[in-house]
Amino acid sequence: MKKKVSQQKLLYRWKRKVYATLMFAFCLGTFVFIQARFAFIQARFNGITASLDSLKKPRLDQKPQIAFLFIARNRLPLEFVWDAFFQGEDGKFSIYVHSRPGFVLSEATTRSKFFLDRQVNDSIQVDWGESTMIEAERVLLRHALRDPFNHRFVFLSDSCIPLYSFSYTYNYIMSTPTSFIDSFADTKDSRYNPRMNPIIPVHNWKKGSQWVVLNRKHAEIVVNDTSVFPMFQQHCRRKSLPEFWRDRPVPAEGWKEHNCIPDEHYVQTLLSQKGVDSELTRRSLTHSAWDLSSSKSNERRGWHPMTYKFSDATPDLIQSIKGIDNINYETEYRREWCSSKGKPSPCFLFARKFTRPAALRLLRESILLEDKEQDN
């Protein structure tokens, strides 16, 4: 009997040892597993942190980029010119396109690799003379500002062409920390709506071309604006067209309407409100022909700049635009002499409005994309 009890005790002790050994092994395995998982998570965290740091701090081999922001109806009819312009310059530019909602730049709608899938995915319907135009600009800027390597932001229409090579254009724009914004006092009281006061006082009301080049600071001011833009939405609307062009009834108090043209006033007025006029080069880099008094064609008169057709696309036309070296602002008694890197330079790097046949002729005859680096 005693022998049987002794054997039971030995078996019980053996089971306890086995159980203790298994528990120890389990605890040790759990500890090793937790350590391994902790090391893995820490490595992942360090990797994410390093990635975020790399976004915050540009790599030594990463050049500052120019973001080219295209406002288009659908396709980009002059993409072949821009394709030649961007060739061999990877890492120095980025592209964003605002087209009608739902339009996609695919292999079926563009032949240039530079524009594939470069449309923004939250575009809006744009109406000329309405605040939707400046909202489209803000949409483009919001997308472009997500890339910390974008240092300059160039607005272009779908009818714009570059006049010089990419290298000359890049060095010209990057040679100064300022933004290039055509901005001058607007003396036509019909454009300013007194209801904007006091949010926008009349002395801050400025006019100029919408085709601006912004530095990052000024781009962020535009995107973060919550006071001036709502005033434009509410009080800066398109004036009713003449009866034969009318697309809506004339208001009962039509005399109170203000043909504001928001895109010609918004950025200029906003930056004037922010007191940064001294940080601007107050001229545009995009040429438009507005003096149409001698034109015999009805389609070349009105509120829009001249459109250049195939017959207009001559070396003399391009050389005349490239030869402009100063701009006169009558309302401010100011003449802006154009310079780059402290030396006299052409005023314009881009020009509009060109038809597809006109741009094709200019490119085929090698009139565009000249490299003037030696002059700068």
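Which residue in β12 does Asn328 stand opposite? Asn328 stands opposite Arg335 in β12, and this pair of residues opens an account of a predicted model in which local features need pLDDT of at least 70, side-chain atom pairs count only at pLDDT 80 or more, and totals for chains, interfaces and linings use all residues. Residues are numbered from 1 along each chain as its sequence is written, and side-chain values use heavy atoms, with hydrogens and water left out.

Strand β11 (residues 326-329) pairs with β12 in the antiparallel sense over 4 bridges, where strands are DSSP runs of E with at least two residues, helices are runs of H or I with at least four, and both are numbered from the N terminus; two strands count as paired if DSSP finds at least two bridges between them. Within this pairing, Ile327 has Glu336 of β12 as its bridge partner. The hairpin of β11 and β12 has 4 residues between the strands, and in this hairpin Tyr333 takes a positive phi near 50 degrees. Strand β12 (residues 334-337) presents Arg334 and Glu336 on a covered face, whereas Arg335 and Trp337 belong to the uncovered one.

The pairing of β4 with strand β15 (residues 350-351) is antiparallel and extends over 2 bridges, and Pro162 has Phe350 as its bridge partner in β15.

Phe350 also belongs to an aromatic cluster, which it forms together with Phe68, Phe70, Trp82, Phe85, Phe86, Phe93, Phe114, Phe115, Phe166 and Tyr170. The structure holds 27 aromatic pairs, a pair being two rings of Phe, Tyr or Trp (its six-membered ring) with centres within 6.5 Å, counted as stacked when the planes are under 30 degrees apart, as edge-to-face when they are over 60, and as tilted otherwise. The rings of Phe68 and Phe166 have centres 6.3 Å apart and planes at 45 degrees, so this pair is tilted. Distant parts of the chain are linked by the pair, as Phe68 lies in strand β1 (residues 65-71) and Phe166 in helix α4 (residues 166-174), 98 residues apart. Phe68 counts as buried at 0% relative accessibility, and Phe166 counts as buried at 3%; on this scale, calculated with a 1.4 Å probe on protein chains only, buried means under 20% relative accessible area, exposed over 50%, and partly exposed in between.

Tyr170, another member of the cluster, has the charged end of Lys92 over its ring, 5.8 Å from the ring centre. Such a contact requires NZ of Lys or CZ of Arg within 6 Å of the ring centre and within 35 degrees of the ring normal. A further contact of this kind places Lys322 over the face of Tyr164, at 4.8 Å from the ring centre.

A search of the whole structure finds 1 cavity of 30 Å³ or more, a cavity being a set of points on a 1 Å grid over the protein atoms alone where a 1.4 Å probe fits but cannot get out, with lining residues having an atom within 4 Å of a point. The largest cavity has a volume of about 40 Å³, and its lining includes Phe70, Trp82 and Phe115, which are also among the residues of the aromatic cluster.

Several features of the backbone occur in loops. A cis peptide bond with omega of about 10 degrees joins Asn197 and Pro198, and Pro198 is found in the loop between β6 (184-185) and β7 (206-207). Another cis peptide bond, with omega of about 0 degrees, joins Arg352 and Lys353, the latter placed in the loop between β15 and α9 (356-364). Asp117, although not a glycine, has a positive phi of about 55 degrees and is found in the loop between β2 (93-98) and α3 (132-144). Lys341, also a residue other than glycine, has a positive phi near 55 degrees; Lys341 is found in the loop between β13 (339-340) and β14 (343-344) and is partly exposed, with a relative accessible area of 44%.

Key
1 Å grid on protein atoms, 1.4 Å probe; cavity = no way out; pocket = protein on both sides within 12 Å on 5 of 7 lines; lining within 4 Å. Points joined across faces, edges and corners; volume = space filled by probe spheres on them.
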